[in-house]
Structure formats: structure tokens, C-alpha cells
Amino acid sequence: NELLHATDQYPFLHLFDQPFVTVSDLEKTLRNAHFIWLPSKVQFKDKMGEEETYGISKNSGVVNDAICYGKPMILPQGFCIEEGQEPSVLRYQNTNEIVSQLHEIIMAPEKYHSLMGNAHVFSSKYTLQAMQSLLKKILE
């Protein structure tokens, strides 16, 4: 896998390539992460053979993690998210694009700072008070 080889060239990249990660390891990694990556196909068939589309009929905890921790994401093209979150996302069609975009960010750190700032702005809209107020409006 090209990204696993990229970790040799860029030792600050941290990829979990295992089926289970402890909660404490995950939380520590998310707190220290520069990006949260979703390595997923957008369209797939579930166990019953039904077509699913990530971001529409299926979701991932990765989006919630990015909001919770205020981190930019690396998402596949076509993965649907809230419009307001888009300025904090790098999109890709293949792993070569991810490596290329990360290299560009290393060369121009202001791109990263912009993505991170946008992620923090979006994340700040999801405070406990804001979610309680939204829930209250829904339930009225």
C-alpha cells in the first residue's frame, strides 16, 4: 500500500492498520492528529446486497470524530457531509492524490492552517448548548 510506504518517508504519519484500537490509543491519536482519514468506498453493498452510499444512507464515526476533535478530514470524492464542513476537507479519488496533497501541505503549511482553522470553526457550532437547543426545537 502506497500510504503505508509513505509513513517510511514521513515518519510523523500515524496509520492504524489493524482491526481494533483501544479507546485510549484512539483518543490520544485523535487529539494529536493533523487529519482524520476515511479510507472507504463511497458506494457499496451491505450484507443483504442492498446498495449503500456513505454520507447518505450510511455514515461513519469518522465525521463525528472530526467534529468532536476539530480536525480536518481526508475523504473520498462523493462522500456527502454538511456543506459547512467542506472547507476543512481534502478530497481524493486514489491514494496517490492523498500523498500529493499532503506533500503540497508540507511545502505550504498555510494550507494546513487554513484547513485546521475551518475545522475548528465548524466544530465550535456543535457545543452541548447548541445541540440541546436544536433538540429542544425538534421536540417542540
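Is tyrosine 112 buried, partly exposed or exposed? At 12% relative accessibility, tyrosine 112 counts as buried (buried is under 20% relative accessible area, exposed over 50% and partly exposed in between, with a 1.4 Å probe and protein chains only).

## Basis of the report

The model is predicted: local features need pLDDT of at least 70 and side-chain atom pairs count only at pLDDT 80 or more, while totals for chains, interfaces and linings use all residues. Residues are numbered from 1 along each chain as its sequence is written, and side-chain values use heavy atoms, with hydrogens and water left out.

Helices (H or I, at least four residues) and strands (E, at least two) are DSSP runs, numbered from the N terminus.

## Aromatic pairs

Two aromatic pairs are present in the structure. Rings of Phe, Tyr and Trp (its six-membered ring) pair if their centres lie within 6.5 Å; planes under 30 degrees apart count as stacked, over 60 as edge-to-face and the rest as tilted. Phenylalanine 35 and tyrosine 112 make an edge-to-face pair, 5.5 Å centre to centre, with 70 degrees between the planes. This pair links distant parts of the chain, 77 residues apart: phenylalanine 35 belongs to the loop between helix H2 (23-32) and strand S1 (36-37), and tyrosine 112 to helix H5 (residues 109-124). Phenylalanine 35 is buried, at a relative accessible area of 17%.

Phenylalanine 122 and tyrosine 126 form a tilted pair, with 5.4 Å from centre to centre and 50 degrees between the planes. Phenylalanine 122 is buried, with a relative accessible area of 6%, whereas tyrosine 126 is partly exposed at 28% relative accessibility.

## The parallel sheet

Three strands make an open sheet in the order S1-S4-S5, with parallel pairing. S1 and strand S5 (89-92) stand at the edges with a single partner strand each, so one side of each has no neighbour in the sheet. Two strands are taken to pair if DSSP finds at least two bridges between them. Strand S4 (residues 73-76) pairs with S5 in the parallel sense over four bridges. Methionine 73 has valine 89 of S5 as its bridge partner, and isoleucine 74 stands opposite leucine 90 in S5.

Helix H4 (residues 95-107) lies across S1, S4 and S5, running at about 145 degrees to S5. Such angles run from 0 to 180 degrees between N-to-C directions, and the axes are lines fitted to C-alpha atoms, for helices over the stretch in contact (contact means heavy atoms within 4.5 Å).

In helix H3 (residues 61-69), the residues Val62, Val63, Ala66 and Ile67 are buried. Viewed down the axis of H3, its buried residues fall within an arc of 140 degrees and so line one face of the helix; the arc is that of the directions from the helix axis to the C-beta atoms. The buried residues of H3 pack against S1, S4 and H5.

Serine 123 lies in helix H5 and is buried, with a relative accessible area of 15%. Neighbours within four places in sequence aside, serine 123 is in contact with Ile67, Cys68 and Gly70. Serine 123 and isoleucine 67 are 56 residues apart in sequence, yet 4.8 Å apart in space, C-alpha to C-alpha. The side chain of serine 123 reaches the backbone oxygen of isoleucine 67 at 2.5 Å.

Key
Polar contact = N/O pair within 3.5 Å; in protein donor to acceptor, adjacent residues only side chain to side chain.
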